[in-house]
Amino acid sequence: MAFKLTYPSYRAQQLLFTFGIFRLILATTLVVFTLLPDASAGVLPASNSESLRYAALAYLVLAILGLLVTVNEQLSKTPVTILLTTDLLLLMLIMRYAGGVDTGVGNLMLISVGIGGLLLPLQQSLLVAAIATSTVVYTEMLPLKGTDNDLFHAALLGIGFFVETVLLQYVGHRVKTTEQLARAQADTILDLRHLNELIVQRMRTGIIVITNEGAVRLMNDAARNLLNIREHRPFWLTKPLFERLEQWRSNPQSAIANFQADADHPVVSINFAKLQDTDVSDLIVFLEDIGRMNQQAQQLKLASLGRLTASIAHEIRNPLGAISHAAQLLEEAPTLSSGDQRLLDIINNHSSRVNTIIETILELSRRRPSRLEIIQLSELFERCMSERELQTASGQEAINVNLTVDWPVEIDVNQIKQVLHNLIDNGLRYSEQKTGKRLLQVTSGTLADTEQMYLDIEDRGDGVPSDQVKNLFEPFYTTETAGTGLGLYIAKELCEANQMQLSYVDDRPGACFRLVFSHAITQSLAQPQDV
């Protein structure tokens, strides 16, 4: 990357302002000095007092104008070269009327030449040095009456102007390069800091950076949510976390107790680590949601278990087919006793059950992509009921349907029908166990807070005990000896694949499962209608 090696405008402004103050003080001193004839005659015996006084007054006016120009930020309208040139010409007049180079006034030009070497490019700064040298040589070549010329001294002073210019150009170049690199690095560091803060804020893990005393330097949104902290930038670590910090300091190997802000927030695991290997190093606190960690572990376990069970199911299928086929051949035997027939029925029933489990596992492991279709809720339920027409027509099932809200939705119809059949079969079975009748109530509505459409499937059974509700949708969890424990788990997975939520409603007399349709799959807000 190539840098333009120039002073920043604010730095040049500061330098010229300081130079203007210096010129104002110098001009004021010269004017006061020239207004004291006895003092000027004693110090400068060969001077032209009246001309020197006018030159000093002109220099004072120039210093005031230059300072006003600098303060009013008019540098772009008044080039630095013009300011320095006029400064050198007036200093030349003061030096000439003071008595020449031997008076030492020419040394004051070193300041102006130095400013040019710092602020101007090489060519212009050398021009300023040349003008200063010319004025000094001119003064000595054409001296006033009563003064001696000293060309050697003037030549040395001129060489000094050029040496100063080249030296300051070199030093200025190095300083400007270093400053430009430092500024670029500072910008890069600032960008990296903002990037790191953005990454930390987006992390789902709670992150808190604290000092050794417990003062908070950084806290991301996840940490505030997990700890239920309302302050945007809390100053100190909360008391429960500080107590755990002291416990960790006393014994870094000890297990840190989990923390829960309240009943509405998750249980959080806490870990501490030093940013540096020193006693006074800042610390970083990691906060992890225990529930989310368990969920991730469960997902990994289920993924591995799914691959394993699918492989096992495929291997079991062949011998199971042989067993079923052998049982069918035995049933055709003419001399089969009633006891043997009972054994064959047991074989067939359990073979059918194992085959159902295998089909369920294989279907779960080779989940096909959803085939979306826009369908009215009432039409979806009519399709589902048409597949149960034989049972409902014979009076074996009594399903009361009341769809007060009927909106079109975009779903995979076959997958959701599978969910509905599963929930309906479960509800009818549990209603029959309690009442002796296969009864079911199906209703629809909208949630009051989110206005999402829902579908409730409610039975007349005893409901689910409160201690078992949390395990309802866990795979392989069942309270029946003949169940696989995969029905509700698969139903929930199919709902989530269609951007729906399946949950259990625990405020009903019997068991009630609720399907909630997201706004993303609801096509329009149709007028409510009864079915």
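The structure is a predicted model. Its mean pLDDT is 79, and 83% of the residues reach 70 or more. The model holds 15 salt bridges and four aromatic pairs, while the disulfide count is zero.

**Confidence**

- Helix H2, residues 37-43, has the lowest confidence in the chain with a mean of 59, whereas strand E9, residues 453-459, has the highest at 92.

**Backbone geometry**

- Asn228 is not a glycine, yet its phi is positive, near 60°. Asn228 belongs to the loop between helix H8 (221-227) and helix H9 (239-250), and its relative accessibility of 26% makes it partly exposed.
- Gln499, likewise a residue other than glycine, shows a positive phi of about 60°. Gln499 lies in the loop that joins helix H15 (487-497) to strand E10 (500-505). Its relative accessible area is 48%, so Gln499 is classed as partly exposed.

**Cysteines**

- No disulfide is counted in the model.
- Cys384 is buried at 0% relative accessibility, and Cys512 is buried with a relative accessible area of 0%.

**Aromatic rings and charges over rings**

- The arrangement of Phe235 and Trp236 is edge-to-face, with 5.1 Å between centres and 85° between planes. Phe235 is exposed at 53% relative accessible area, while Trp236 is partly exposed at 48%.
- Tyr504 and Phe513 also pair edge-to-face, at 5.4 Å centre to centre and with 65° between the planes. Both partners fall below the 20% cut-off for burial: Tyr504 has a relative accessible area of 14%, and Phe513 has a relative accessibility of 9%.
- Arg429 places its charged end over the ring of Tyr430, 5.3 Å from the ring centre.
- Arg514 lies over the face of Tyr454 at 4.2 Å from the ring centre. Arg514 is also a member of a salt-bridge network.

**Salt bridges**

- Glu197 and Arg193 are joined through their side chains by a salt bridge of 3.4 Å, N to O. The two residues are four places apart in helix H7 (residues 151-202), so about one helical turn separates them. Glu197 is partly exposed at 32% relative accessibility, and Arg193 is exposed with a relative accessible area of 52%.
- Glu432 and Arg438 form a salt bridge at 3.2 Å, N to O. Glu432 is partly exposed at 37% relative accessibility, as is Arg438 at 23%.
- Asp462 forms a salt bridge with Lys434, with the closest N and O atoms 3.4 Å apart. This pair links distant parts of the chain, 28 residues apart: Asp462 is in the loop between E9 and H15, and Lys434 is in helix H14 (residues 413-435). Asp462 is exposed, with a relative accessible area of 62%.
- A network of salt bridges links Asp456, Glu458, Asp507, Arg508 and Arg514.

Notes:
Residues numbered from 1 in each chain as written. Predicted model: local features only at pLDDT ≥ 70, side-chain atom pairs only at ≥ 80, totals over all residues. Heavy atoms only, no water. pLDDT = per-residue confidence, 0-100. Buried < 20%, exposed > 50% of the residue type's maximum accessible area, 1.4 Å probe, protein only. Disulfide = S-S within 2.5 Å. Phe/Tyr/Trp six-rings, centres within 6.5 Å; stacked < 30°, edge-to-face > 60°. Lys NZ or Arg CZ within 6 Å of the ring centre and 35° of its normal. Salt bridge = Lys/Arg side-chain N within 4 Å of Asp/Glu carboxyl O.
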